[in-house]
Amino acid sequence: MRDEFSTNSKFIIEDEAHAEWCGVFSTFAETMSELESRSRVAWDAQPNVCPCTNGKTCGREYAIVEFDISTEPWKERSRAPILAISSNGVEWNVTK
Ligand SMILES: [Zn+2]
């Protein structure tokens, strides 16, 4: 049986606070491991530095967005907020 679900999917890390795409991945596991490595980086160090000018009061709100890439443009399948990083600290929102 063809594994249509995984071959037609891409996973995007989107910073929902700034509507910025931070990476495109082929599997959910790869996407999570990128977020895990970002969670070990300080909020004021790259790649967690906010692109806006009020970085001290703002933060990153990373979500994983799954896209169906068999259509053009890609169609969003699901979206889940996963990780927030700011000067207040690191907060995981993983719901399973
Ligand atoms: Zn910001």
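Analyst: What follows is a set of questions about those labels, each settled against its definition.

User: Gladly. What should I keep in mind about the model and its numbering?

Analyst: This is a predicted model, in which local features need pLDDT of at least 70 and side-chain atom pairs count only at pLDDT 80 or more, while totals for chains, interfaces and linings use all residues. Residues are numbered from 1 along each chain as its sequence is written.

User: Thanks! Why is Ile-64 called buried?

Analyst: A residue is buried if 20 or more other C-beta atoms lie within 10 Å of its own, exposed if 12 or fewer, and partly exposed in between, with C-beta atoms placed from the backbone. Ile-64 has 21 other C-beta atoms within 10 Å, so it counts as buried. Ile-64 is found in strand S3; strands are DSSP runs (E, at least two residues), as helices are (H or I, at least four), and both are numbered from the N terminus.

User: And what makes Ala-17 partly exposed?

Analyst: Ala-17 has 18 C-beta neighbours inside 10 Å, and therefore counts as partly exposed. Ala-17 is found in the loop between S1 and S2.

User: Which residues is Ala-17 in contact with, leaving aside neighbours within four places in sequence?

Analyst: Contact here asks for C-beta atoms, placed from the backbone, that lie within 7 Å. On that basis Ala-17 is in contact with Cys-58, Gly-59, Arg-60 and Glu-61.

User: What makes a group of residues a nonpolar core, and which residues make up the largest one here?

Analyst: A nonpolar core is a set of buried Ala, Val, Leu, Ile, Met, Phe, Trp, Tyr and Cys residues joined through C-beta atoms within 7 Å. The largest has 9 residues in all: Phe-11, Ile-13, Leu-35, Trp-43, Tyr-62, Ile-64, Leu-83, Ala-84 and Ile-85. Strands S1 (9–15), S3 (59–68) and S4 (75–86) each supply at least two residues of this core, and the largest share, 3 residues, comes from S4. In soluble globular proteins, nonpolar side chains tend to be buried together.

User: How do you know that S1 and S3 pair?

Analyst: Two strands pair if DSSP finds at least two bridges between them. S1 and S3 are joined over 7 bridges in the antiparallel sense, so by that definition they pair. Glu-14 stands opposite Ala-63 in S3. S3 and S4 also run antiparallel, with 10 bridges, and Ala-63 stands opposite Pro-81 in S4. S4 and S5 pair in the antiparallel sense over 4 bridges.

User: Why are S2 and S5 said to stand at the edges?

Analyst: The 5 strands form an open sheet in the order S2-S1-S3-S4-S5, with antiparallel pairing. Strand S2 (20–25) and strand S5 (89–92) each have a single partner strand, so one side of each is left without a neighbour in the sheet. The twist averages 25° from one strand to the next, where axes are lines fitted to C-alpha atoms (for helices over the stretch in contact) and angles run from 0 to 180 degrees between N-to-C directions.

User: How many residues lie between S3 and S4 in their hairpin?

Analyst: That hairpin has 6 residues between S3 and S4. Another hairpin joins S4 to S5 through 2 residues.

Notes:
Contact = placed C-beta atoms within 7 Å.
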